[in-house]
Amino acid sequence: MIQVYTQEKQANEWLQRYRGASAALVCVLGFTETGLIPGISAAGSTPHARRYTAIADAEFLYNGPQPRPQYPLPPLAAGASPVFISRAIVEALGLPIYLFNAGLPQLPSVPTIDLGGAAAQCLSRGCALKLATVKHLWEQGILWGEQLARQPQDYVILGECVVGGTTTALAVLTGLGIAAAGKVNSSHPVCNHAQKWTLVKLGLQRAHLWDKIPLQDPLALIAAVGDPMQIAVAGMAIALSRSQGVLLAGGTQMLAVYALMHALGKAFEIAWQPEAVVVGTTRWVAEDPTGNTVELAQLIGGVLLGTKLSFKNSRYPQLQVYEQGYVKEGVAAGGCCIAACLMQNWHQAQLLQTIEGLLDRYSKAVGF
């Protein structure tokens with residue numbers, strides 16, 4: 001149920017090492033006003049809905065189905081939030097959850113660790129975050145990574161929820177000198193590459209960085225066109241890698257974080273263990289015909305894993321549309337599936353049954 005897409009030897013060594021091992025889920029929440037641009041993301045059917053996607057997903061990940069949620073899951077153009085996948089597996093496996101607020105426009109309704117960050121402005125402005133905020137999040141990421149490494153799990157699933165995050169990922173990858181244009185993914189069935197590229201180029205030009213690519217200062221790059229999750233997760237993953245395994249749970253966004261980790265390690269001469277870190281996603285991302293995730297992973301030099309989970313035979317149309325390219329990934333969904341297969345050797349039937357069981361409860365509590 002786990003497909004290896006790149007770096008086969010390193011990938012199989014990582015999988016063998018952590019088969020049957022214990023895991024914890026860390027989800028870092030962030031926000032960028034990039035996500036409010038009409039048409040940029042399908043993670044919420046309107047810009048207003050997308051403003052609350054991260055805190056609604058966090059509430060559901062923490063509480064599961066509730067009859068009167070404070071922040072209901074936002075309506076999507078099609079499909080159901082990937083948080084259903086994550087929550088179902090977290091419940092079934094009893095995974096510890098740590099939620100971090102790297103920068104949201106409003107406080108979450110469930111317990112989170114506040115990193116003292118800020119929501120990012122649209123990357124097209126070329127001044128997404130204050131440099132001081134980026135430096136603070138970088139330091140907090142390292143600090144919390146060291147603290148998480150003292151917990152008893154063998155590896156950490158590091159996930160995210162940032163609407164518009166594949167566009168900030170493209171911006172960061174581009175700034176690092178990686179030819180990512182046309183290769184990233186999105187929550188749309190057909191990736192909106194032209195819209196993303198227009199925003200990225202404008203942001204880097206306005207930041208006066210376009211002619212300086214590849215950039216040598218990763219913190220300045222994040223301040224110009226990034227989002228608060230990226231630098232916090234990079235810091236956490238670098239610190240964790242020194243003593244534990246790290247499963248960066250996501251597609252384009254986590255490939256950007258992995259590339260950022262290398263840039264930060266080089267810029268600040270920081271020791272970390274790249275072989276302890278893999279990127280894990282869904283096959284809907286890894287095999288997205290409107291992007292090129294595998295080539296992107298190869299350019300970055302990272303291990304790319306994918307869950308083989310299928311919704312083709314699901315009882316729920318909201319899940320079936322994943323097979324048409326809607327939604328694809330988010331809130332560590334792919335990483336949680338990979339963990340279920342590693343921890344308890346789950347196959348397709350167990351994954352689907354567990355996820356649909358949660359949707360059954362949700363339908364009774366709230367209704368679709």
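What follows are my notebook entries on the fold and on selected residues.

**Ground rules.** I am working with a predicted model, in which local features need pLDDT of at least 70 and side-chain atom pairs count only at pLDDT 80 or more, while totals for chains, interfaces and linings use all residues. I number residues from 1 along each chain as its sequence is written, and side-chain values use heavy atoms, with hydrogens and water left out.

**Whole chain.** I looked up the secondary structure and found 15 helices and eight strands in the protein chain; these are DSSP runs, with helices being H or I of at least four residues and strands E of at least two, numbered from the N terminus. The C-alpha trace spans about 55 × 45 × 40 Å along its principal axes.

I then checked burial, and 62% of the 368 residues count as buried, where buried means under 20% relative accessible area, exposed means over 50% and partly exposed lies in between, with a 1.4 Å probe and protein chains only. Of the contacts (heavy atoms within 4.5 Å) between residues at least 6 apart in sequence, 81% join residues at least 24 apart.

**The sheet.** In what order do the eight strands of the open sheet lie? I read the order as β1-β8-β7-β6-β5-β2-β3-β4, with mixed pairing. β1 and β4 (113-114) stand at the edges with a single partner strand each, so one side of each has no neighbour in the sheet. Two strands count as paired if DSSP finds at least two bridges between them. As a reminder to myself, strands of a sheet pair through backbone hydrogen bonds, either parallel or antiparallel.

I looked at β5 (residues 155-161) and found seven of its seven residues buried. Tyr155, Ile157, Gly159 and Cys161 point one way from β5, whereas Val156, Leu158 and Glu160 point the other way. On one flank, β5 pairs in the parallel sense with β2 (residues 23-30) over seven bridges, and Val156 is the bridge partner of Ala24. Strand β6 (residues 245-249) also runs parallel to β5, joined by four bridges, with Leu247 opposite Ile157. From β2 the sheet continues to β3 (residues 97-103) through six bridges in the parallel sense, and there Gly30 has Gly103 as its bridge partner.

Strand β8 (residues 304-307) is covered on both faces, with Leu304 and Gly306 buried on one side and Leu305 and Thr307 buried on the other. β1 (residues 2-4) runs antiparallel to β8 and is joined to it by three bridges, whereas β7 (residues 277-282) pairs with β8 in the parallel sense over four bridges. Thr307 of β8 stands opposite Ile2, and Thr282 also stands opposite Thr307.

**A covered helix.** How many of the eight residues of α8 (residues 218-225) are buried? I count seven, namely Pro218, Leu219, Leu221, Ile222, Ala223, Ala224 and Val225. The cover over these buried residues includes α5 (131-148), α6 (165-175), α7 (193-206), α9 (228-241) and α10 (252-268).

**Val90.** I found Val90 in helix α4 (residues 83-93), and at 5% relative accessibility Val90 counts as buried. Leaving aside residues up to four places away in sequence, Val90 touches Leu25, Leu61, Leu95 and Ile97.

**Backbone entries.** Most residues other than glycine have a negative phi, and most peptide bonds are trans. I noted a cis peptide bond between Ile213 and Pro214, with omega about 0°; Pro214 is in the loop between α7 and α8.

Is Glu269 buried or exposed? Glu269 is exposed, with a relative accessible area of 75%; this residue lies in the loop between α10 and β7 and has a positive phi near 50°. Lys328, in the loop between α13 (317-320) and α14 (333-344), has a positive phi of about 80° although it is not a glycine, and at 2% relative accessibility Lys328 counts as buried.
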